[in-house]
Amino acid sequence: MPRIPRPRSLAAQLFAMQVVLVAVVVAGCAVFAYVSAHHQAEQAAVHQARAAARAVALSPSVRQAISGEHPTTELQPYAEAVREDADVDFVTIMDPDGIRWTHPNPENIGERFLGHIEPALDGGTFSETYTGTLGPSVRVVTPIRDGERIVGLVSAGIKIEEITDGVQRQLAALLAVALGAVTLGGIGTYVINARLRRHTHGMNAAELSRMHDYHQAALHAVREGLLMLDGQRRIALLNDGARELLGVEGEVVGRNVADLGLPAPLTGALLAAEPRVDEVYLTADRVIVVNTSPVSGGERRGTVVTLRDHTELQALTGELDHERGFTEALRSQAHEAANRLHTVVSLIELGRADEAVEFATAELELAQALTDRVVTAVGEPVLAALLLGKAAQANERGVELELSPDSRLDDRLLPDTLPARDLVTVLGNLIDNAMDAATGTPGAAVTVTALVHGGELLLSVSDNGPGVPAGADVFARGWSGKGPGRGIGLALVQQTVRRHSGTVTVDASEDGGAQFTVRLPLEPPPKPTKLPKPPEPTTQKEIRA
């Protein structure tokens, strides 16, 4: 089978095109240089002839010879001397009627000057190209004045033949320069295209175009985020998934990662020289898993970054942790209930029925009082279940979980835009952190407030633990009162609150611990307005809220 010739590579096509382009450009420059040189030579000849003519016209000896009886006798030697000194082809002195007094060829003396003299008779100096007795020439004609009277005319000129000979003498050098430019351009083009051939792997334009189409289709098809940085930490490539996960808009290719406004920990991970494996970071509204891998080939060429959305998984993990807590609380309550039941049975067996009834009644009243208080104050079922479960956990850890008297949250009061999952994330993490801080403190207590006031949901959790260190960024990922790197609970709280256009603040409670206050708008206002501040609490329990 005859072999079908493969289309030339892109580098070969560019080489051929560039060689032709260089040749055309050099040829054009050579023609332009020749025309320009010829024009400049003519202009130089005009200036040279003008200088010679003006020098003769201003000479006092010329005016004196003109007033004599035989002007030619004195002017002819003078004109020839000026012609040789000024390196012009002729210097002709004539009377106002154009009759020559001097000429390089003495036979033409006394004849009429061939050319125009009218502008000079009007008192001006002018130049023209005219064919005279010596052939075509560039000449200048100027008047000779004796006071205000024109007593004669002077014409000096250079033959066109002399100008052309001078330009042609430069043509050889011009052609040598043009040939050198073509040679150097060809060598440079060959070197550049050889490098291009290596980078394109000998592929032609159609193959490169097809590869680019596959590349773009693959980038848009991948749901995970893909980010590529060059050696200067500038964005070289960003797919749709990365734009969505990082929350960037507009044209960002070519910008430095540090200029994207990402959180500092995430920016540091993207700029790090060492690889990162499955590290969790927070953006404004997402939890993402970051993997980075440097690209090197003898020198650092950049970094490939992959991003995975961990937001939903993190939320589900938080819910699972809370469910596990509920399970542990139920197990603990079952154990405690068994102990209390054994106590009641033992008292009955000992014949002390009255004390058994009193013990059982007191335990039932205590448990029912907490349940009634929570259910009465918080009608939202998810939050009520969360508070009851956390109360059981707190009781197991020796912490008293209290619901402030101001708490009031009726059922169906919260909008659909504020899902229960986010409320569990916010309140659950705040209560867990408060219990961690209060555990081990004498009279350990955590107070929770949940109410709706002024069109916003107010959630407050306070404790009597050691409090927050001064200057600590408690909402930074990895910060914990028990040491860095324990989790992202408070960071998730802040992220969730910001996603719903709310605020979260931390202050010192009256008992010396920490008080976290979250405000979430129930309906986004048409314009930013300052929501009314809830009344300041006056009792200790209210301050904890």
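**A walk through the predicted model**

Strand β2 and strand β3 (residues 135-146) run antiparallel to one another and are joined over 7 bridges, where two strands are said to pair if DSSP finds at least two bridges between them. Within this pairing, Glu128 has Arg139 of β3 as its bridge partner. Helices (H or I, at least four residues) and strands (E, at least two) are DSSP runs, numbered from the N terminus.

The model is predicted, so that local features need pLDDT of at least 70 and side-chain atom pairs count only at pLDDT 80 or more, while totals for chains, interfaces and linings use all residues. Residues are numbered from 1 along each chain as its sequence is written, and side-chain values use heavy atoms, with hydrogens and water left out.

The protein as a whole has 14 helices and 14 strands. Of its 545 residues, 39% count as buried, a term that stands for under 20% relative accessible area, with exposed meaning over 50% and partly exposed in between (1.4 Å probe, protein chains only). Among the contacts with a separation of 6 or more, 55% are between residues 24 or more positions apart, contact meaning heavy atoms within 4.5 Å.

The pair β2 and β3 belongs to an open sheet of 4 strands in the order β1-β4-β3-β2, with antiparallel pairing. At its edges stand β1 (90-94) and β2 (126-132), each with a single partner strand, so one side of each is left without a neighbour in the sheet. From one strand to the next the twist averages 30°; axes here are lines fitted to C-alpha atoms, for helices over the stretch in contact, and angles run from 0 to 180 degrees between N-to-C directions.

Helix α3 (residues 71-86) holds Glu80, which is buried, with a relative accessible area of 17%. When neighbours within four places in sequence are left aside, Glu80 is in contact with His103 and Pro104. The loop between α3 and β1 contains Asp87, whose phi is near 55°, a positive value in a residue other than glycine. Asp87 is exposed, at a relative accessible area of 59%.

A second open sheet is formed by 5 strands in the order β10-β11-β12-β14-β13, and its pairing is mixed. Its edge strands, β10 (400-403) and β13, each pair on one side only, and the twist averages 15° from one strand to the next. Inside this sheet, strand β11 (residues 445-453) and strand β12 (residues 456-463) pair in the antiparallel sense over 8 bridges, with Asp463 in β12 as the bridge partner of Val446. Helix α12 packs on the sheet and touches β11, β12 and β14, its direction making about 15° with that of β12. Helix α13 (residues 489-499) also packs on the sheet, touching β13 and β14, and its direction makes about 135° with that of β13.

Strand β13 (residues 503-508) pairs with strand β14 (residues 514-521) in the antiparallel sense over 6 bridges, and Val504 stands opposite Val518 in β14. These two strands form a hairpin with 5 residues between them, and Gly512 in the turn has a positive phi of about 95°. In the loop between α13 and β13 lies Ser501, which has a positive phi of about 60° although it is not a glycine; at 61% relative accessibility, Ser501 counts as exposed.

The axes of α11 (residues 381-396) and α12 (residues 420-438) come within 10 Å and cross at roughly 20°. That makes α11 roughly parallel to α12, since angles under 35 degrees count as roughly parallel, over 145 as roughly antiparallel, 65 to 115 as roughly perpendicular and the rest as oblique. Their crossing is right-handed; a crossing is left-handed if the near helix is turned anticlockwise from the far one by less than a right angle, and right-handed if clockwise. Among the residues that make the contact are Leu383, Leu386 and Leu387 of α11 and Leu423, Leu427 and Ile431 of α12. The residues of this contact of α11 with α12 divide into 11 nonpolar, 2 polar and 2 charged, where Ala, Val, Leu, Ile, Met, Phe, Trp, Tyr, Cys and Pro count as nonpolar, Asp, Glu, Lys and Arg as charged, and the others, Gly among them, as polar.

Helix α12 packs with α13 at an angle of about 145°, their axes being 9 Å apart, and the crossing of α12 and α13 is left-handed.
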